[in-house]
Amino acid sequence: MFGSTLIFINILISIYLYNHIHLEFNKVHNLIQSSIVKRHRILTQNNDPVVDVDPAIAQALNNINITLATINNNLTTMNNNMAAMNDDISRLAIVTFSTNFNNNNSSFEHHQLSIHKIVQLIMFVIIRLFRTLWRWSQLYLTLLILLCEKVARGVISIVFSVIPFSSYIECVASVNRYSSKHIYTEAEKDLDRDAIELITSRGYPCEEHYVTTPDGFILGLHRITGPRINSPPQSPPASPRDNGPNGADLRVGKPAVLIMHGFMQTSEAWLCRANPEDSLPFILADAGFDVWLGNNRGNKYSFKHTTYTPSQERFWNWSLDELVRYDLPSIVDVYRTRLPTISYIGFSQGTAQGWAALSTNTALAAKINLFVALAPVSTVKGFSNPMIDSLARSRPDFIFLLFGKKAMLPSTVWWRQVLPKEFFVQLIDSSVRFLFGWKTHNLDEEEKKMLYSHIFSYTSVKSVVHWFQIIQTNRFQMFDDELLGITPNENSNKKHRYHGRVIPGYHPAQILTKCALFYGGQDTLPNTKALLAHLPKDKVVLIHEEESYEHLDFMWGKTAGKAVFSKIVTLLRASNKTIVESDDD
C-alpha cells in the first residue's frame, strides 16, 4: 500500500512538470508567431515588399509544434495511466478498508463479548452479595426476635414471682372461675387435661405403658383397650382404668393399631377433639381395634432417661435417626396381643419415621401389615417466610448458637400457661400463616382453644437441625455432623458438587410394607410429588388427595371423620380381615 502511494505521487509530479513545460512552450510558440504576424502586417501597410520568413525561424516553429504534439501525446498517455492507476488504487483501498473493517468488527465483537462477560460477573457478584446481606439480615432479625422474647419472658417471670399482687390476681381469677356465676365446662377442663384424663373423660377404658429403648429413654404409651362402654364419669380418674366387665376379653384377638404423633407433639394431639366421633383413636376403638398411642423421646410423656436428666445436653443429643432406630421399633415390640402383626398410622413426622424405619429395618417391616401415612413427609419444600427459610438454610453451628443444644423453644409451653387462651389461639394462627402460609379454615374456630392447648411439646434442637439439613440437601438422609452443602437432586440442572463421603439416606422406594397415603392439596410443607414418584406401585394400596386440606387438617379437620377417617377404617378392616372374621366367630 505504501509503494503504490509513492508511485501515485511520482506520477502526479511528472504530470505537473509536463504541464508546466507544455505551458512554457506554448508561450514561446505564441510569442514568435505573434511577432511574425505583426511584422507581416507592418510590411503590408507600408507597401514594402513581403519578405519570406527566415527558414531557421520556420524550422524552430515547426520543432516547437512537434514538441508540443509530443508533450500532448505524453500527457494523454499519462492521463490514461493515471485513470487506470486510480481504478487500481480504488479497488485496493476498498479491499483494504473491507479487511480492516472486518478485523475491527471482529475486534469490536470480541471486546463487546468481553465487556458482556465482565458485566455478567459484576451482576453475579452483586446478586450474591445482596443475597448474603439479605440472608444475614434475616438471621439477625431472628436473633433479635429471640432476644426480645427472652427479655419479655424474663420480665414477666420476675413480675409474677416478686410482686405480691400477681398471686392476688390468680386468686381472684380462680374465685371468679369457680364461683356460682361461672360454670366450669368440660371444654374448659379439657384445656388442661392430660392423655389419660382425655380418654377416661369420654368413657373409654385405657392403659398406660412404658418401654425403655436400647439407648436408655423411657417412652410413655397410651392404650385404648375397647369401645366406649358407659357415660363419662363426673370426675374422671387420673390413673388408667378398665370399665369392661371382663378386661381380659377386651385385649384378646383384636387387631391392633399404633398411632404416632407429629413434630413437637404428643399423643394428646389425637385425643383433644370435643366430640369423640371426630377423633381417630376413638373411632378405631369403637370399630373394634386395639388402639395404641405412641410418644417419642423428649416429649411430655417420654421425659425420662435411665442415666441422664433433661438439664444435661446428652439427654437431648438425638435426631430423627434415633426415633427411627430405637423409638419406633421399641414401641412396636411392646404391644400386648397374640397377633403377629399390627397396623401403623403416622402423621407428619410420624410418617417420616415410618418411611425410614420400614425401608431399613426388615424385622420391623415384618410386624407391620399396613402403613397409613397422613400428611406424609420425607423431604420438605421449605418455609414460605424468607426469614425462617434463611434460618433453615444456615449452618448447624449457627442454629446451635441461637437455640442451644437442649430442648427446642421450651418457652412455648411457658407462654401457653401465661397468655390468655384467645390471644394464644391468635398467636398460633399467625405463626402457622407466617411459617407455612396455612389459613386453618378447615378447623373449627370453637375448638381451636382446646386443639392449640395440646399442640406443642418438647423436642431436641438437634432434630430441628436434622430437618433443616433435609431442606438444604433436598434429600431424605441421616443426620450429617458436618454439613456438606447444598446437593441438588438427580433431576436438578444445577452443578453437582463432588464430596469425599456420602451421608446414608432413607429411601421410601425400598419400603417393605403395604402403605396408603392421604395428602392435602393446600399443604405447602411436604414435597409430596417427589415422594409419590419414588414409591413402589406394588406396595401402595391407596393414594387419596383432599384438595382443600392443609397439614393439620388430617388430625383436626371439621370433615376429617367422613373424608379421611372412614376410609382408614375400611383399609384397616381389609388389611386385618382374617383377624376380624376369626374374632367374630
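## Secondary structure

The protein holds 19 helices and eight strands. Both are DSSP runs: helices are H or I with at least four residues, strands are E with at least two. This is a predicted model, where local features need pLDDT of at least 70, side-chain atom pairs count only at pLDDT 80 or more, and totals for chains, interfaces and linings use all residues. Residues are numbered from 1 along each chain as its sequence is written, and side-chain values use heavy atoms, without hydrogens and water.

## Burial, contacts and surface

Of 585 residues, 43% are buried (under 20% relative accessible area, 1.4 Å probe, protein chains only). Contacts are heavy atoms within 4.5 Å. Among contacts with a separation of 6 or more, 78% join residues 24 or more positions apart.

## Cavities

A cavity is a set of points on a 1 Å grid over the protein atoms alone where a 1.4 Å probe fits but cannot get out; lining residues have an atom within 4 Å of a point. The protein has two cavities of 30 Å³ or more.

The largest cavity has about 70 Å³ of space. Its lining has 13 residues; Asn-296, Arg-297, Gln-349, Tyr-458 and Thr-459 lie nearest the centre. Five lining residues are nonpolar, seven polar and one charged.

The second largest cavity has about 30 Å³. Trp-438, Thr-440, Leu-443, Glu-550, His-551, Leu-552 and Asp-553 line this cavity.

How values were computed. Buried means under 20% relative accessible area, exposed over 50%, partly exposed in between (1.4 Å probe, protein chains only). On a 1 Å grid over the protein atoms alone, a cavity is a set of points where a 1.4 Å probe fits but cannot get out, and a pocket is an open set with protein on both sides within 12 Å along at least five of seven lines; lining residues have an atom within 4 Å of a point. Grid points are joined across faces, edges and corners, and a volume is the space filled by probe spheres set on the points. Ala, Val, Leu, Ile, Met, Phe, Trp, Tyr, Cys and Pro count as nonpolar, Asp, Glu, Lys and Arg as charged, and the others, Gly among them, as polar.
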